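Me: I would like to learn how to read a model of this kind feature by feature, with the general idea given before the particular case. Could we begin with the surface and then work inwards?

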Amino acid sequence: MAHYVIGTVYKDLKKYEEAETYYNAGISLAGVASTWYGRIYAGLTNIYTDREEHDKAITTGLKSREIFKKEGM
């Protein structure tokens, strides 16, 4: 959870490289069973959208959607 929150703060400050670093660290620590896993991918999607990296945004957005569907969100 901490990596998601810190990543989100950096994302909101438009410090995308730092945000991406924290999100990726969160993914490696959270594992697929974590409820934060989908949120982290959603955060990455927002970063890639803001940076106009559309292919990455689509890929991570779909991954996030898949995780949220599995979680019933």
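Reply: Accessible areas are calculated by the Shrake-Rupley method with a 1.4 Å probe, and for residues only the protein chains shown count as cover. Here the accessible surface of the protein chain comes to about 4,700 Å², and 56% of that surface belongs to carbon and sulfur atoms. Bear in mind that this is a predicted model, in which local features need pLDDT of at least 70 and side-chain atom pairs count only at pLDDT 80 or more, while totals for chains, interfaces and linings use all residues. Residues are numbered from 1 along each chain as its sequence is written, and side-chain values use heavy atoms, with hydrogens and water left out.

Me: What percentage of the residues of the protein chain count as buried?
Reply: A residue is called buried under 20% relative accessible area, exposed over 50% and partly exposed in between, with a 1.4 Å probe and protein chains only. Of the 73 residues in the protein chain, 33% count as buried.

Me: How many helices and strands are there in the protein chain?
Reply: Helices (H or I, at least four residues) and strands (E, at least two) are DSSP runs, numbered from the N terminus. The protein chain has four helices and zero strands, giving the pattern α-α-α-α along the sequence. The radius of gyration, taken over C-alpha atoms, is compared with a globule rule of 2.2 Å times the number of residues to the power 0.38. For the protein chain the radius is 11 Å, close to the 11 Å that the rule gives for 73 residues, so the chain is as compact as a globular protein of that length.

Me: Which residues of H4 are buried, and what do they pack against?
Reply: The buried residues of H4 are Ala57, Thr60, Ser64, Ile67 and Phe68. Seen down the axis of H4, these residues fall within an arc of 100° (the arc of the directions from the helix axis to the C-beta atoms), so they line one face of the helix. They pack against helix H3 (36–50), where contact means heavy atoms within 4.5 Å. On the other side of H4, the exposed residues are Asp55, Ile58, Thr59, Leu62, Arg65, Lys69 and Lys70. Just after H4, Gly72 takes a positive phi of about 75°.

Me: What is Ala19 in contact with, leaving aside its neighbours within four places in sequence?
Reply: Ala19 lies in helix H2 and is buried, with a relative accessible area of 0%. With those neighbours set aside, Ala19 is in contact with Gly7, Tyr10, Lys11 and Ile47.
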